[in-house]
Amino acid sequence: MPAKDALNKVYEIIDEQTNYQTLETEHLKIIYPKSEFSKAEEVSKELESNYERITKNLGATLDEKVTVKLFEDKTSLHKSIGCYGKKKLEWVTGTGSKGIIKSTLELDINHLKQVLVHEFTHIVTEKINSDYIPFVFREGIATYEAGQKNLKDELKSIKSLPSECDWLFKCQFSNYSLAYSFTEFITENYGYEKIIEFLKADYRHNKFDLDSIKGIYKAWVGSVLT
């Protein structure tokens, strides 16, 4: 049992399996297998170190602690999120919604940290806009904040870019490498204020600045193709 600390308390939880316990930090409540305290502590430090940066970047405040559930294996994770046995979703390694992040300890520790920061960004984004956000902005900001720069390598294998209508309105922009690249382009050339504007927009009722998006899109296409 680790030493007691005002910000880090470990105690048995009642509503989970008996082989799980909880580590609490300033902004997090991490539920993990008893034998994996060192990993739980390591990822808690990673999330805490990114907490203020991401909430400040996106101008959002979370009212409650974020719950992080770390499962022993991917099978347990998939059963928990309802995608067990679904081949199309076998790639899923984490989720983040309604103040709860879920992932699996089967991942390499560095990969796990990246996944958790990615999913934490979804929690913050949901605080900004809990309604529909196009894939390109929802996943783009999550991959960007998680530092998933390796996704840009995949751009080399993409033969053509989606049309303006396809990527925004027909939800065919479901490519993480494109979403990362587009978000990186926006933040570096227009700032986080523009990203926040796009995240806050009411897409369901067509209340957003389409001309602004089109203009940035064309500029981004030019940067990608050069």
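Guide: From the N terminus on, the elements run β-β-β-α-β-α-β-β-α-α-α-α-α-α, where helices (H or I, at least four residues) and strands (E, at least two) are DSSP runs numbered from the N terminus. This is a predicted model, in which local features need pLDDT of at least 70 and side-chain atom pairs count only at pLDDT 80 or more, while totals for chains, interfaces and linings use all residues. Residues are numbered from 1 along each chain as its sequence is written, and side-chain values use heavy atoms, with hydrogens and water left out.

Visitor: What share of the residues in the protein is buried?

Guide: Buried is taken as under 20% relative accessible area, exposed as over 50%, and partly exposed as in between, with a 1.4 Å probe and protein chains only. The protein has 226 residues, and the buried share of them comes to 46%.

Visitor: How many of the residues of strand β2 are buried?

Guide: Y20, T22 and E24 point one way from β2, whereas Q21 and L23 point the other way, and all are buried. In a regular strand the side chains alternate between the two faces of the sheet. Strand β2 (residues 20-24) is largely enclosed by the rest of the structure, because the buried residues number five of the five.

Visitor: Which residue of β3 is the bridge partner of Y20?

Guide: Strands β2 and β3 (residues 28-33) run antiparallel and are joined by five bridges, two strands being counted as paired if DSSP finds at least two bridges between them. A hairpin through three residues leads from β2 to β3. Within β3, the bridge partner of Y20 is P33.

Visitor: Which element gives the most to the lining of the largest pocket?

Guide: A pocket is found on a 1 Å grid over the protein atoms alone, as an open set of points where a 1.4 Å probe fits, with protein on both sides within 12 Å along at least five of seven lines, and lining residues have an atom within 4 Å of a point. The largest pocket holds about 550 Å³ of space, and of its 19 lining residues the closest to the centre are W91, G94, H118, E119 and Y176. At least two lining residues each come from β5 (94-97), α3 (109-128) and α4 (135-145). With six residues, the element that gives the most is α3.

Visitor: Is V115 buried or exposed?

Guide: V115 is found in helix α3, and beyond its neighbours within four places in sequence it is in contact (heavy atoms within 4.5 Å) with T93, G94, S103 and L107. V115 and K102 are 13 residues apart in sequence and 9.5 Å apart in space, C-alpha to C-alpha. Since its relative accessible area is 9%, V115 counts as buried.

Visitor: Where does K98 lie, the residue other than glycine with a positive phi near 55 degrees?

Guide: Most residues other than glycine have a negative phi, and most peptide bonds are trans. K98 lies in the loop between β5 and β6 (100-104).

Visitor: What is the relative accessible area of N206?

Guide: N206 is placed in the loop between α7 (192-200) and α8 (210-225). Although N206 is not a glycine, its phi is positive, at about 55 degrees. N206 counts as exposed, because its relative accessible area is 57%.

Methods: Grid points are joined across faces, edges and corners, and a volume is the space filled by probe spheres set on the points.
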